[in-house]
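Visitor: Hi! Could you walk me through this structure, and start with how you describe the way helices pack?

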Amino acid sequence: MELTQLLSIHAILVKLFLGFLVLGIAIAFIPKSSEKLKKMSFSYTMIFQLVATLILLTGLYALYLNGWHIGIAEIIMIVVWALMMFIEIKKHKAIKMSHAEDLQSAKSGFLKVSIIQTLLLALTVALMVMKAKGVVAI
Ligand code: HEM
């Protein structure tokens, strides 16, 4: 596969991921019981990890095609990716361990994390788009 094709798949997956994170902000309001929140959080984290893994694989393959040239842009992407995975696993564990009477705080925790992750991803996308357009040189 050519690098340009691969990068467009990478970029589509990233946009899909952004859409999924925005959806996370909306679905944080839905569960009416701790049980439902835990079930939803499990499915959410599974899909999150699936899409994140695809982003990582396409990114690593792009790096390989590019002769493992790692610049600031690649370092930023890898750090943001790892940070998002770390936050997601911590959030999922916290929700799994939460008690029925903590429903409101567990829901607001889910919401907070979704907002932070959306902003983090949107900022990274904006930076990469500016780099592609030559607005920033990283
Ligand atoms: C949350 C994480 C990530 C975001 C938001 C992201 C976003 C992007 C975007 C928007 C592009 C530009 C695509 C284009 O030219 O149309 C890109 C390119 C690229 N990404 Fe990612 N990416 C992420 C994670 C990763 C990871 C984990 C890797 C590698 C392990 C990676 C490797 C690359 C490479 C090699 C390129 C092309 C190189 C370049 O233009 O300098 N990305 N990424």
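Guide: Happy to. For packing, axes are lines fitted to C-alpha atoms, for helices over the stretch in contact, and angles run from 0 to 180 degrees between N-to-C directions. This is a predicted model, in which local features need pLDDT of at least 70, side-chain atom pairs count only at pLDDT 80 or more, and totals for chains, interfaces and linings use all residues. Residues are numbered from 1 along each chain as its sequence is written.

Visitor: Good. At what angle do α3 and α4 pack?

Guide: Helix α3 (residues 72-97) and helix α4 (residues 103-132) pack at about 170°, and their axes are 11 Å apart. That makes α3 roughly antiparallel to α4. The words for angles are roughly parallel under 35 degrees, roughly antiparallel over 145, roughly perpendicular from 65 to 115, and oblique for the rest.

Visitor: Which residues of α3 and α4 make the contact?

Guide: From α3 they are A73, I76, M77, V80, M84, I87, K91, A94 and I95. From α4 they are A106, G109, F110, V113, Q117, L120, T124, L127, M128 and K131. Two residues are in contact if their C-beta atoms, placed from the backbone, lie within 7 Å. By class, the contact of α3 with α4 has 14 nonpolar, three polar and two charged residues. Ala, Val, Leu, Ile, Met, Phe, Trp, Tyr, Cys and Pro count as nonpolar, Asp, Glu, Lys and Arg as charged, and the others, Gly among them, as polar.

Visitor: Let's zoom out. How many helices and strands are there in the chain?

Guide: Four helices and zero strands, in the pattern α-α-α-α along the sequence. Helices (H or I, at least four residues) and strands (E, at least two) are DSSP runs, numbered from the N terminus. Along the principal axes, the C-alpha atoms fill a box of roughly 50 × 30 × 20 Å.

Visitor: On to the ligand. How many residues surround the ligand, and which are the closest?

Guide: There are 24 residues around the ligand, and the closest are G59, A62, M77, W81 and M128. A residue is near a molecule or strand if its C-beta atom, placed from the backbone, lies within 6 Å of it. The elements giving two or more residues to this shell are α1 (3-27), α2 (34-65), α3 and α4. The largest share, seven residues, comes from α3. The shell divides into 18 nonpolar, five polar and one charged.

Visitor: What percentage of the chain is buried?

Guide: Of its 138 residues, 17% count as buried. Buried takes 20 or more other C-beta atoms within 10 Å of a residue's own, exposed takes 12 or fewer, and partly exposed is in between, with C-beta atoms placed from the backbone.

Visitor: Which residues of α3 are buried?

Guide: M77, M84, K91, H92 and I95, and these pack against α2 and α4. In α4 the buried residues are A106, F110, V113, S114, Q117 and L121, which pack against α1, α2 and α3. For α1 they are H10, V14, F17, L21 and G24, with α2 and α4 among what covers them.

Visitor: What span should α3 have, going by its residues?

Guide: At 1.5 Å a residue, the 26 residues of α3 should span 38 Å, and its end C-alpha atoms are 38 Å apart, which agrees. The expected span is 1.5 Å times one less than the number of residues.

Visitor: Now some single residues. Is L119 buried or exposed?

Guide: L119, in helix α4, is exposed because it has 11 C-beta neighbours inside 10 Å. L119 and L18 are 101 residues apart in sequence and 9.3 Å apart in space, C-alpha to C-alpha.

Visitor: Where is W68, and what is its phi?

Guide: W68 is in the loop between α2 and α3, and its phi is near 55°, a positive value in a residue other than glycine. W68 is exposed, since 9 other C-beta atoms lie within 10 Å. Just after α4, G134 takes a positive phi of about 80°.
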